[in-house]
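Let's take a friendly walk through this model, with an eye to contacts, helices and the ligand site. Please have the coordinates open as you read.

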Amino acid sequence: MWYWRTGEWLSIGNLIIDDAMHFDVITLFPALIRDVSKYGILSRALDMGICSISCWNPRDYCTDRYRTIDDRPYGGGPGMVMMAEPLAKAINAARMQHENKRKVIYLSPQGEKVTHAKFQDLDETGLIFICGRYEGIDERLIRTEVDEQWSIGDYVLAGGELPAMVIIEAITRLQPGVLGNDLSASQDTFSDDLLDCPQFTRPEQYDGDRVPDVLLSGNHREIDQWRLKQSLGRTSEKRPDLLESRKLTQLEQRLLDEYKQENRDH
Ligand code: 9D3
């Protein structure tokens, strides 16, 4: 379900479902948010009314005739800084839509790095995301309006819109009813701190490489064990850091030892 509150927006429906997850995005590029939402799981969740997104463009809250949203940084230096006032007005328009009960998150490289676990533990019915552009936003806006700052990782992007969509997609696919199969979300990598096992589909032989026999056996106990063993093995090879913070059961330890034995020469 889409709400184009400001600017060139287009509206489908005009009620906010009580138990839906609602995201408000403060952005100079609402079309970027809209277009990324047209695909896959996110698009389906929006259609089903399980989540909704509204965009608020600070450009629409300017008061000068040039609709200025940025200015040069005090103290000099390259680039521009987003001005506090248009942003504050856009944030408050979003806040008022939700009786001022929403957490305001500024997406920024200075933020806390988000994780799957954080999204699973999230206890909110919605969030307001501020997407910065240029060199960032006026620090005083952070002091007055922002509850938390989130980053999606240690690399430099051009703005907060893609991080917002990364986070919205990650949270949305955890909402009940979004994945046709409710098992999928609980079987995720990171929900049990293990990487995925290898996947195969037809044909049985591709480029001289055969699907492992166990997967063709129909023995589901053996298949589950094989998959768990592969997950443990791959995690220990590629992401040993994930295993350090996770206790292995006796079975898991045995499977991991077997994996290492079997893959010793590779
Ligand atoms: C760290 C570089 N900054 C000092 C020169 C300038 C700057 C670069 C890019 C300031 C902001 C940005 C835009 N980035 C985001 O808005 C952003 C982001 C990111 O770049 N990486 C990871 N997570 C995020 S969340 C928002």
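How many salt bridges does a search of the whole structure find? The search finds 20, where a salt bridge is a side-chain nitrogen of Lys or Arg within 4 Å of a carboxyl oxygen of Asp or Glu.

Before we look at some of them, a word on the ground rules. This is a predicted model, in which local features need pLDDT of at least 70 and side-chain atom pairs count only at pLDDT 80 or more, while totals for chains, interfaces and linings use all residues. Residues are numbered from 1 along each chain as its sequence is written, and side-chain values use heavy atoms, with hydrogens and water left out.

## Salt bridges

| Glu85 | Lys89 | 3.0 Å |

For accessibility, buried means under 20% relative accessible area, exposed over 50%, and partly exposed in between (1.4 Å probe, protein chains only). Helices (H or I, at least four residues) and strands (E, at least two) are DSSP runs, numbered from the N terminus.

Glu85 and Lys89 both sit in helix α3, four residues apart, or about one turn of the helix. An α-helix has 3.6 residues a turn, so residues three or four places apart point the same way. Glu85 is partly exposed because its relative accessibility is 46%, and Lys89 is partly exposed at 34%.

Asp154 is exposed, with a relative accessible area of 65%, whereas Lys113 is partly exposed at 47%.

Helix α3 (residues 84-97) has 14 residues, and its first and last C-alpha atoms are 20 Å apart, close to the 20 Å expected at 1.5 Å a residue. The expected span is 1.5 Å times one less than the number of residues. Which residues of α3 are buried? They are Pro86, Leu87, Ala88, Ala90, Ile91, Ala94 and Arg95. Their cover includes β2 (21-26), β3 (51-56), β5 (81-82), β6 (103-113), β7 (126-131) and α5 (139-145). After α3 comes Glu99, with a positive phi near 50°.

Helix α9 (residues 220-238) can be checked in a similar way: its 19 residues should span 27 Å, and its end C-alpha atoms lie 26 Å apart, which agrees. Its buried residues are Ile223, Trp226, Lys229, Gln230, Ser231, Leu232, Gly233, Thr235 and Ser236. These pack against α8 (213-216), α10 (240-244) and α11 (250-262).

## A buried loop residue

Gln175 is found in the loop between α6 (161-172) and α7 (182-186). Is Gln175 buried or exposed? Gln175 counts as buried because its relative accessible area is 18%. Its side chain reaches the backbone oxygen of Ile171 at 3.2 Å. Setting aside neighbours within four places in sequence, Gln175 is in contact (heavy atoms within 4.5 Å) with Met21 and Ile50.

## The ligand site

The ligand is surrounded by 15 residues, the closest being Ile152, Gly153, Tyr155, Leu157 and Gly159; a residue is near a molecule if one of its heavy atoms lies within 4 Å of it. A polar backbone atom of Ile152 is 3.1 Å from a ligand nitrogen, and a polar side-chain atom of Ser151 is 3.4 Å from a ligand nitrogen. Taken alone, the ligand exposes 580 Å², of which the protein buries 75%; these accessible areas come from the Shrake-Rupley method with a 1.4 Å probe, and for residues only the protein chains shown count as cover.

How values were computed
Polar contact = N/O pair within 3.5 Å; in protein donor to acceptor, adjacent residues only side chain to side chain.
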